[in-house]
Amino acid sequence: MRTPTPRTIRRRLLALTVASATVLAVAACGSDDSDPAGSVGDTRTVEHARGKTAVPDKPTRVVVLEPVQLDTAIALEMTPVGAAVLNEAAGVPKYLGDKAAGITTVGTVQEPNVQKIAALKPDLIIGTESRHSALYDQLTDVAPTVFIASQADPWQDNVRFTATTLGGADSADKLLAGFQQRCADIAKKFGTAGKTAQLIRPRDGVLTLYGPTSFAGSALECVGFTTPERDWENSISVDVSPERVLEAKADHVFVTTVDVNDRSTIPASVTANAAAFPRLHLVDQSFWITGVGTVGGQAVLDDLERILTASS
Amino acid sequence: MTATTPARAVRPTTGRTARRRTTWRWLVGAVVVLVGSLVLSVFVGANPVPPADVWAALRGAGSDTAQYVVWGQRLPRTLAGLLVGAGLGVAGALMQAFTRNALAEPGILGVNAGAAAFVAAGIAFFGITSPAGYMWLALLGALLVAVAVYAVGGAADLRATPTRLLVTGVATGAVLAGVTTGITLTHPDTFDRMRGWNAGSLLERDTAVVLPVLPLIVAGLLAALVAARSLNALALGPDLAAAQGVSLVRTRLLVLGAVTLLAGGASAIAGPISFVGLVVPHLVRWGVGTDQRRILAGSLLAGGMLVLLADVLGRIAVLPSEMPVGIVTAFVGAPMLIALARRRRATAL
């Protein structure tokens, strides 16, 4: 390496000083400003998993960190400016439609990127205590932040909370009531009462069976199916060995996949027992598993209606 | 290491016969335990099928559940475990003898890293999702990377020491591991699928996965058998071995060919399974001494035994689910290796 001349040293020192000054200035912006979003409009107080927070009455630049929050914002036609997604390469889920396609992604649901969030200059951030707890202080420096307690809570509760925070509580009630009504219609149309249904997600060689408290499992119950009895271990799902594949037997068995037209994505243990699974349906995991919310819920009901029409 | 030769020469004849007797006792014991492991692997699993039903299913009768559990799950999986264990055990013994390094393991030549990189690329760019698809990708990756490493590392060049080969292998492995990480980090779906493969598992390894690999592992075992005698001579150092008429190039190519087929085949079936290739030869040397033929035979038996027992343990560890065998071998293998390392004689090559 060359010995640095006094001039290059001076230049480097200057660069260093400028850099430190910038950092200090940015830090100052974050801590001094008691009303970081700079919203001049009215505020409401929202009570949430981290206490009480004043949020803008009509937020216009919202960032959401959880799929159910994104789904709800889209359902309320309040398209967020940014969203954390499960899969950065895939981006915002396609089932949410064209309106959602332009949303900027701000890292993954597991690891949202605070810098990307800050760059969007949001006036409201919604996240999840059970996932983003450690980021709360950083996020509040960017904009008023409210958290739902856990993504594992009943999804309708999380839809209602998100809608209330966004100022659309009434619309959310209508959406949820509409979902229930459509379930009842499907149950009546196809006479599902007394029939069983089981959702399977093949994962790492084992089979994840989804129970009645999961998103799609509750949708199956909502349209009148019963989930076969088992010990759900207080969880939304239970993993079972392929040796126990026959425990997943039901009148209708749904297997999630990334490509519903690729029958090779059905696990070998299910294919080998084809006779035990006469009504087997491949379904898209992007909304059956991760499409938590009313938009995803309606997509699941669309799928169910199509499948039940075809198999009846 | 070289100290073993004079020590053996001075040892009285009675000692040698005693040693031989212990060896035989050890080998017979290993065969018995291996047969026991095979039986356990067929009779024990995540589905508590009563032994009588398993027995009935084996004879072609019994309930549908028992039939499927035995013929569709446990038998193919037992064959897979046996092949993987035997392959890794023998490959590990060959690597340790060839490099005369107690820390060498089959993956050190970059074979596992090559398999993983090809599987990751296949999932990310070609949408391959079936275990049989992973098997072909892993096999191709393992073989191509091994050939590349041998070419660059001078496998057939007598002036090149095994160290040059190892450094090439380790470096290639590191680069490929980086490629795999890069692919999985930018493709979370691939990350999800790779997680299952990376743990090393015998789940869903049916005959479509196992049978194509079977001839390769058998060929690898035969090559190991042929190389065994020369490896004994090689243990005395390359000069003495050459003086005894051992062809160094031939031995080297045989050993490398065998390791590639065995480790590559094992990886292709189960994904990377840690510790088996490392710990089994140590375990065996402790029992049978320094003769490579006995070490290889012992590693074949002990490798199969270890993988089968670990797999049985994994099947009942987290009921009603299963734990991948690779996680169990890591849990069991690491303490075993430490215990063996603390007995000095055991680890001597």
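**Ground rules.** I count residues from 1 along each chain as its sequence is written, with chains lettered from A and ligands numbered from 1 in the order in which they are written. Since I am reading a predicted model, local features need pLDDT of at least 70 and side-chain atom pairs count only at pLDDT 80 or more, while totals for chains, interfaces and linings use all residues.

**Entry 1: chain B as a whole.** I looked up the secondary structure and found 16 helices and zero strands in chain B. Helices (H or I, at least four residues) and strands (E, at least two) are DSSP runs, numbered from the N terminus. Along the principal axes, the C-alpha atoms of chain B fill a box of roughly 60 × 50 × 35 Å.

Of the 349 residues in chain B, 51% count as buried. Here buried means 20 or more other C-beta atoms within 10 Å of a residue's own, exposed means 12 or fewer, and partly exposed lies in between, with C-beta atoms placed from the backbone.

Entry 2: Where does the cis peptide bond from B:Leu319 to B:Pro320 sit? Its omega is near 0°, and B:Pro320 lies in the loop between α14 (292-317) and α15 (325-341) of chain B.

I also noted two glutamates with positive phi. B:Glu204 has phi near 60° and sits in the loop between α8 (188-199) and α9 (207-210) of chain B. A:Glu233 has phi near 50° and sits in the loop between α9 (215-222) and β10 (237-240) of chain A. Are they buried or exposed? B:Glu204 is buried, because 24 other C-beta atoms lie within 10 Å. A:Glu233 counts as exposed, because it has 11 C-beta neighbours inside 10 Å.

**Entry 3: a sheet in chain A.** I traced an open sheet of five strands in the order β5-β4-β3-β6-β7 (chain A), with parallel pairing. Two strands pair if DSSP finds at least two bridges between them. The edge strands, β5 (104-108) and β7 (145-148) of chain A, each pair on one side only. From one strand to the next, the twist averages 20°. Strand β6 (residues 124-128) of chain A is joined to β7(A) by four bridges, and A:Thr128 stands opposite A:Ile148 in β7(A).

Next I looked at helices on this sheet. α2(A) packs on the sheet, touching β3 (62-64), β4 (82-85) and β6 of chain A, and its direction makes about 140° with that of β3(A). α7(A) touches β3, β6 and β7 of chain A, at about 165° to the direction of β7(A). Axes are lines fitted to C-alpha atoms, for helices over the stretch in contact, and angles run from 0 to 180 degrees between N-to-C directions. Contact means C-beta atoms, placed from the backbone, within 7 Å.

**Entry 4: two domains in chain A.** The domain assignment, automatic or from a database, gives domain 1 (43-167) and domain 2 (174-311) of chain A. Their centres, taken over C-alpha atoms, are 28 Å apart. The contact takes 15 residues from domain 1 and 14 residues from domain 2 of chain A. On the domain 1 side, α2 (67-75) and α7 (155-166) of chain A each supply at least two residues, and α2(A) gives the largest share, six residues.

Terms used
Contact = placed C-beta atoms within 7 Å.
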